[in-house]
Structures are given as structure tokens and as C-alpha cells.
Number of protein chains: 2
Amino acid sequence: MTVPSTALFTDQYELTMLQAALRSGTAHRRSVFEVFTRRLPEGRRYGVVAGTGRVLDAVENFRFEPAILDFLREGGIVDAPTLDWLADYRFTGDIRGYPEGEVYFPGSPVLAVEGSFAECVLLETVVLSILNHDSAVAAAASRMAVAAAGRPLMEMGARRTHELGAVAASRAAFVGGFSSTSVLAAGFRYGIPTVGTSAHAFTLLHDSEREAFTAQVESLGAGTTLLVDTYDVEEAVRVAVEVAGPGLGAVRIDSGDLLVAAHRVRGQLDDLGARDARIVVTSDLDEYAIASLAAAPVDAYGVGTQLVTGSGHPTASMVYKLVARAAGDEPDAPLIPVAKRSTGGKLSIGGAKWAARAVDAHGVADAEVVGTGPVPDELADRLLQVELMRGGKAVAREPLEAARDRHVAAREALPLSASQLSKGEPVLPTRYTDAPA
Amino acid sequence: MTVPSTALFTDQYELTMLQAALRSGTAHRRSVFEVFTRRLPEGRRYGVVAGTGRVLDAVENFRFEPAILDFLREGGIVDAPTLDWLADYRFTGDIRGYPEGEVYFPGSPVLAVEGSFAECVLLETVVLSILNHDSAVAAAASRMAVAAAGRPLMEMGARRTHELGAVAASRAAFVGGFSSTSVLAAGFRYGIPTVGTSAHAFTLLHDSEREAFTAQVESLGAGTTLLVDTYDVEEAVRVAVEVAGPGLGAVRIDSGDLLVAAHRVRGQLDDLGARDARIVVTSDLDEYAIASLAAAPVDAYGVGTQLVTGSGHPTASMVYKLVARAAGDEPDAPLIPVAKRSTGGKLSIGGAKWAARAVDAHGVADAEVVGTGPVPDELADRLLQVELMRGGKAVAREPLEAARDRHVAAREALPLSASQLSKGEPVLPTRYTDAPA
């Protein structure tokens with residue numbers, strides 16, 4: 001897959017602000033932008049950072065190529081000095097943030113982008129697009145993983161969301177705890193294991209279900225997964241074992257009352273000697289449906305719509321805000337905190353922030369501590385942000401498995417109530433060590 | 001922007017079905033797959049077809065390039081004969097469907113893909129991804145356009161959704177009635193007018209709001225839009241008119257009680273002589289918030305999150321089902337209807353369908369009529385499907401404005417209750433002229 005420039009995943013106001021700031025002379029003021037959310041989706045107990053690795057790629061590929069400059073020139077979107085400036089654009093600043101897979105809470109400084117105003121302001125949209133989308137999917141995936149309690153989860157939602165959003169969703173689902181995906185592009189691009197065998201169309205294509213099963217087993221082997229709910233499940237299971245033998249890999253049930261069906265099919269498979277044949281269920285599952293099947297003889301879940309749409313919360317509501325900037329135009333001007341102050345309820349806290357996760361005497365997390373001043377000694381080894389990019393170069397690339405493992409560890413360090421699916425408050429309070437600016 | 005192959009926006013089971021069908025000899029049976037939804041999102045009164053133009057692009061770019069074939073080979077996803085078949089893949093079949101912008105209802109055969117089973121089965125995921133995503137956004141856009149009652153709507157949701165999903169969302173929003181977008185890639189790729197001037201960061205970058213406004217006006221002209229809610233709205237409006245003069249283009253309010261603020265700001269602008277300065281509002285708007293501002297002196301709405309996430313319904317739940325296939329392997333075998341028949345509640349109706357929109361004596365639509373048999377004479381000139389692709393070549397490309405105009409016409413031909421934002425039943429019943437197969 002080619003990696004086209006990401007420079008136009010940008011809202012026009014970022015370029016017009018750049019133009020005006022280049023002209024007023026403020027464009028080069030050192031600035032810190034922070035990404036955070038004011039609240040979690042209603043009832044959610046924690047958020048999951050996902051997309052960080054994609055952010056690093058996007059920033060490195062943020063270049064104004066000739067065709068893009070032509071578009072901006074012909075559309076009269078920015079003036080000639082701005083176009084000249086953009087032609088040489090490369091992000092040369094620093095990015096630090098929560099590592100991928102980490103959990104977050106309202107006010108957590110998930111990402112901080114530092115450099116000149118000009119180079120940082122341009123990244124707002126693409127950074128937020130990635131983090132908002134991917135974190136929303138990862139949060140849903142994490143809840144489903146809690147509900148599945150160790151049984152494998154397969155991501156199957158590509159058909160329910162934008163075709164490239166689907167690939168990012170597979171990646172985020174993997175971070176959140178899924179083990180495989182149906183969509184081949186996610187295997188190609190990210191190395192996520194891909195799965196899939198057949199749909200109802202394959203059965204309907206053949207003159208009988210037996211012919212379809214025979215064709216599938218002859219081609220894919222007895223270890224394949226046969227879809228048993230095209231006509232009559234009981235009959236299909238009988239034929240499946242006849243055709244594949246007791247070594248049948250699995251059957252998939254994609255409709256009906258999955259709880260009842262799973263018990264019946266398990267009993268029937270056992271009676272037919274196919275004791276090792278697994279049962280896969282896939283039918284509009286969400287974390288609640290998965291939890292309700294905990295006691296059923298289900299071996300794996302395939303999840304689509306509710307996963308890729310964030311199980312009711314398709315975006316993470318993160319924002320990208322200027323929190324500090326140089327006090328003047330001298331090269332050594334100190335950074336001063338800045339924040340919107342209108343009475344509209346969208347308050348922000350100025351100043352570049354650190355964050356640490358405080359723990360109780362048992363090592364269980366008990367607060368998300370956020371501050372702009374000195375870090376208290378007892379939190380010095382509990383800091384959450386890591387260096388992600390230095391001087392425009394990514395310094396924290398890692399395999400996706402590392403993010404996946406980190407998420408499990410972070411979730412397990414939370415209070416037990418993090419695993420409740422019911423609506424509630426964030427499991428950790430966010431504590432600010434400084435008065436709001 | 002490059003157009004990479006779309007061939008991996010595919011669920012693995014499409015390839016394994018292909019492999020098994022190539023081996024069983026059924027792969028070449030002529031087949032018809034239909035795209036439809038079993039229900040509209042809860043409470044919605046109509047759906048909006050969007051993405052059709054993107055589907056044509058995706059099908060034409062669906063090619064298994066060497067790097068893709070290597071991936072499939074190395075992953076052992078399909079066997080050698082299947083790889084050989086894929087290497088030459090081009091879709092050579094026919095596609096017909098509802099033209100883009102048309103409205104649809106439960107059971108409407110929105111798209112029909114006809115060709116060999118092998119060439120059609122591969123398109124399931126990419127076709128559904130596009131139609132499900134784009135139609136969900138267009139439906140939300142259409143409701144917002146009804147609520148805005150002619151005032152311009154600006155799409156500003158890129159930061160809330162996947163970066164490429166955002167570009168498709170801008171396109172779908174335009175089809176649904178939006179007039180512009182903030183995201184530059186949508187201007188570049190689809191020619192949608194782009195808008196945007198400044199964010200709070202620009203004000204905070206400067207040493208005072210006055211300096212920020214002055215910088216913006218000097219660079220972008222007095223006709224620009226000044227953001228007035230960083231500190232104190234009343235003070236900001238006063239400074240804005242002082243700096244830009246009475247020819248100030250517009251002010252934007254992004255927080256607070258927009259109804260109250262719009263009235264106050266209008267009065268203040270008028271008092272200051274800036275009678276032509278427009279008021280733009282942007283703050284977590286949805287169709288209900290837009291409707292609630294109908295009587296407020298607002299000139300344009302900027303909408304983000306709720307638009308790109310389908311205002312509560314981020315996917316359109318369309319499915320892609322085999323509805324007819326050749327009765328045997330002879331080249332002239334007739335098509336026979338096929339349908340899933342299990343008791344799980346996911347019933348489909350077999351057979352390739354036509355659809356027509358019946359009207360009452362006043363020319364107002366009163367039913368979506370769907371059938372597989374002969375078209376009744378009185379519906380012959382009310383048929384909804386058009387030819388979109390013939391022999392693998394797109395035959396119905398059109399400017400995006402055509403889809404946008406078509407949507408307005410289609411919506412206006414619906415019963416008046418289509419414009420109610422409250423939850424209700426689809427405004428048209430779907431009537432089947434044949435008994436379900």
C-alpha cells in the first residue's frame with residue numbers, strides 16, 4: 001500500500017492561521033499543543049489510547065507535494081509566502097505522550113506536540129482524526145475483551161465502516177485485545193492474523209448444503225469452519241460432521257438465539273463424536289451479548305458493527321489545544337501558559353502538563369494526577385508520558401503486540417470496577433496538583 | 001492523491017469461498033448479489049443512498065497487484081490456482097442500483113451486482129464499507145439540511161473520525177445537503193468548497209485578542225470570520241468591529257448558549273454598524289440543535305461530530321446477499337432465486353428485484369414497491385434503479401452536484417412527515433408484489 005502525503009487531512013483554518021501568523025510574526029513562537037478529552041463517553045470507566053503509531057507515520061508523511069501546493073494556489077486558499085513556507089515543511093518538533101495501549105481519563109494529557117506554532121498548528125486535524133477514531137474502537141474492544149474473559153475475539157466489522165477506517169479499526173481492536181481480523185488489508189498493512197472461511201452465499205451457490213460443505217472441506221480441509229445456519233442448524237451440523245468427519249474444525253452460527261443454539265449445537269457435536277469441533281458465534285455482538293454468552297459453550301466471538309463503531313461511542317472527543325507558547329518573539333522567550341477563558345463551559349487548563357498514575361498501598365491505581373509544576377517525588381517513577389518523536393523523528397516505534405500487552409497490564413492495574421460493563425464514573429478521579437490557570 | 005488498489009478491502013472469506021468454488025466448479029455460475037437493509041436506524045424516516053460514485057471507482061481499482069498476491073501466497077491464504085485466477089481479476093459484470101442521492105427504505109434493492117459468482121463475491125466488503133459509511137453520513141446530513149431550512153451548513157467533522165473516512169464523510173455530507181467542508185482533502189479530491197479561518201489557538205498565540213484580530217484582518221481581509229469566544233464575547237465583538245470595520249465578514253461563536261449568544265451578538269453587531277456581518281455557530285451541533293436555532297439570527301452552521309458519526313447511527317446496516325444464481329453449470333442455465341431460510345430472523349427474499357416508487361393522486365410518494373416478477377404498467381416509469389456499470393465499465397458517472405440535486409428532489413417528493421426530526425416509522429411502506437421466495 002502506498003503512503004500518500006497526509007498534509008491535506010487538515011482543516012483549512014490551520015493554513016489560514018499559519019498565513020496570518022507568518023505575516024504578524026508570531027508563527028515562530030515556540031508552542032505546546034496538548035491532546036486530551038474533557039470527559040469519557042457517558043458511563044465509560046476508562047479510555048484506551050490507540051493510534052499513536054499511526055500518528056507517528058502521519059506526521060512523518062505530512063508533506064506539501066507539488067500537486068497539493070498547486071491545489072492550494074489555484075484555490076486561493078493561502079498566499080504566496082505561505083505556499084513557499086509549506087513547500088519546505090517537515091515537522092521538526094517533539095512529541096511526547098501516553099504510549100499506545102495505555103488507559104486514560106478526563107484531562108489526561110494523552111499527547112503533547114511542541115515546536116513552532118506554525119509547524120504544530122498544522123497537525124491538529126490529522127492527529128485528532130487518528131486518535132479519536134482509533135481510541136474509540138480500542139475502548140470498545142477492551143470492554144469486549146473483558147467480557148470475553150480470554151476467549152478469542154475476531155474483528156469482522158470492515159463492511160460496516162469506511163474501507164480505510166476499517167483497517168485502522170482492526171489495528172485498534174488488536175491493541176484493545178482482539179486476536180484476529182477478517183479484513184485482509186489489516187493483515188497486509190499491520191501483520192494482524194486474518195481469518196475467514198465462508199458466508200451464506202457459498203451455501204446458496206451450491207445445489208445443496210451437503211454439496212457446499214463438501215466443496216469447502218475438499219478445498220480448505222476438515223479443519224475449516226462450516227457455517228451452519230443457512231437452512232436448518234440441526235440438519236446442517238449433522239451434515240457437517242458427516243462431510244468433514246469428527247475432525248471438523250468449527251461451526252459458525254450467525255443468527256438466532258445464540259445462547260440456546262450454542263448449547264444445542266455443542267450437545268449435537270459431542271454426540272456425533274466431534275468433541276474438538278469449536279463453536280464460533282457472530283451475530284450483532286457487543287460487549288453485553290458477549291458477556292451473556294459467558295456460560296455458553298462458545299469458543300470464539302466474531303464482532304463487527306458494534307466494535308468498529310465504538311459500541312455506541314464512535315469518537316473519543318479528544319481536542320488539540322494550545323496550552324503554552326513563547327511570551328514574546330525573542331528566541332529565548334520563556335513559555336507561558338495560555339487557555340481559553342470564555343464562560344461557555346469549554347474550559348481548558350493552561351501549561352504543559354505531566355501526568356502520573358498514583359497507586360494505593362496494594363499497588364492498585366487510585367488517581368490520575370496531572371500537573372504543570374514540579375513532579376512530587378513519590379510520583380517520579382509513575383509518570384505516564386514517554387518521548388515519541390524528537391526533532392521530527394519517531395523514537396518510539398514498537399510492534400503492535402507491545403501496545404496490546406501494555407493495555408492488558410494497564411487495565412489490570414486499575415481498580416476492579418474497571419471491568420464492570422455497566423455505566424458508571426471513570427474508575428480513577430483526575431487530580432490536578434495546580435490551580436487551573 | 002494516488003488511487004491504490006482496493007482489492008484488500010476484502011474479508012478473507014471472500015477469497016476462501018472463491019478458492020472452494022473454483023475447485024467445486026461452481027465459481028462461474030452467473031449470480032446476482034443485492035445490497036439492501038432490513039431496517040432503517042431506529043426512528044429514521046428515510047435513508048439516503050451515498051457512495052455510489054465511490055463504489056464505481058473502487059470496483060474499477062479492484063486489482064490484485066504483485067505485492068498483494070505475494071501477501072496472499074506467503075500467508076497461505078489461498079492456493080496457487082486461486083492466485084492465478086486473481087492475478088487476472090477485473091470485474092467484468094454489471095451493476096445497477098439507486099442513483100446517488102436517492103432515498104431508500106427497508107428492502108429497497110439499493111445496488112445489484114451481476115456476473116460470475118467468483119467476480120461478484122469478492123466485492124462484498126468494499127461495496128458495503130462504502131455504502132454503509134457514506135449513506136449513514138448522508139442521512140444525518142439530510143436531516144440537518146431539513147433543520148437548517150436553507151441556511152448554509154459547513155462540514156467540520158474531520159477531527160472526529162478516521163482521516164480518510166472524513167474525506168468520504170465530506171462528500172456524503174455534500175450529497176445530503178451541506179455546502180462546504182473544512183477538510184482540504186475533500187476539496188482536493190472532490191472539488192467541494194473548503195472553508196475556515198481561525199481557532200482559539202490563534203488568539204491565544206498573540207499577546208492580546210486585538211493583536212490576533214488585527215493579524216487576521218491584515219492577512220485575510222475584513223471579510224474574514226473572527227472567532228469571538230476565547231475570552232469575553234461582548235468585548236471580542238466590540239474589538240472585532242473596531243479592527244475590521246463595519247465591513248467585517250462574520251463572527252463565529254463556538255461555545256455557550258448559542259441561542260442567547262446569537263441574539264446578543266446580532267444586536268451588538270447591528271448597534272456597531274456591522275449589519276452585514278454574519279453569525280456562524282459551531283458547537284456540538286446536531287439536527288435538533290440546528291432546529292432549535294431556527295428563530296435565532298444565525299447565518300450558517302458548522303457541524304462536526306454528529307455529522308460524521310451519522311447522528312447516532314454511524315452505519316447504515318446494509319447487507320450484500322446472493323439472491324439469484326444459475327441453476328446449473330451449463331452456460332445457458334437460467335437464474336433461480338435463492339435465500340437463506342433459517343429461523344434466525346435474518347430472512348431475505350430471493351430473486352433479482354426491481355423497485356419503483358408509487359405516488360398518490362397528488363404526485364406524493366406513497367409506497368416503495370419491490371418485486372421480482374413483471375413490472376406493473378402503472379409503475380413502468382417510476383422505476384428507481386439505473387444502470388451504473390456495464391461489462392465492468394462505469395456508465396453513470398456524474399458530478400457530485402447531480403447527486404445533491406437528486407436528493408433534494410427525492411426528499412421533496414416524500415410525504416411531509418419525512419421532514420419531522422422526531423422518531424417514527426419510515427415515511428413509505430415497502431410493498432412486495434410477490435410472495436417471499
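Predicted model: local features only at pLDDT ≥ 70, side-chain atom pairs only at ≥ 80, totals over all residues.
Start by selecting chain B together with chain A. The contact involves 96 residues of chain B and 96 residues of chain A. About 8100 Å² is buried between the two chains, and carbon and sulfur atoms give 61% of that area. Next, pick R159(B), L184(B) and L205(B): these residues supply 10% of what chain B buries against chain A, more than any other three residues.

The rule finds 14 salt bridges across the interface of chain B and chain A. For one of these, display the side chains of R159(A) and E124(B), which meet at 2.7 Å, N to O.

Select helix α1 of chain B, residues 12-24. This helix gives the most to the side of chain B that touches chain A, with eleven residues. Coloured by residue class, that side of chain B divides into 41 nonpolar, 36 polar and 19 charged residues.

Leave the interface and look at phi. Most residues other than glycine have a negative phi. Go to A149(B), in the loop between α6 (124-148) and β6 (153-155); its phi is positive, near 50°. A149(B) is exposed, with a relative accessible area of 66%.

Last, select S317(B), in the loop between α14 (305-308) and β12 (318-326) of chain B. Phi of S317(B) is positive too, near 60°. With a relative accessible area of 31%, S317(B) is partly exposed.

Definitions and conventions. Residues numbered from 1 in each chain as written. Chains lettered and ligands numbered in written order. Heavy atoms only, no water. Helix = DSSP H or I, 4+ residues; strand = E, 2+ residues; numbered from the N terminus. Buried < 20%, exposed > 50% of the residue type's maximum accessible area, 1.4 Å probe, protein only. Contact = heavy atoms within 4.5 Å. Buried area = accessible area lost by both parts, 1.4 Å probe. Salt bridge = Lys/Arg side-chain N within 4 Å of Asp/Glu carboxyl O. Nonpolar A, V, L, I, M, F, W, Y, C, P; charged D, E, K, R; others polar.
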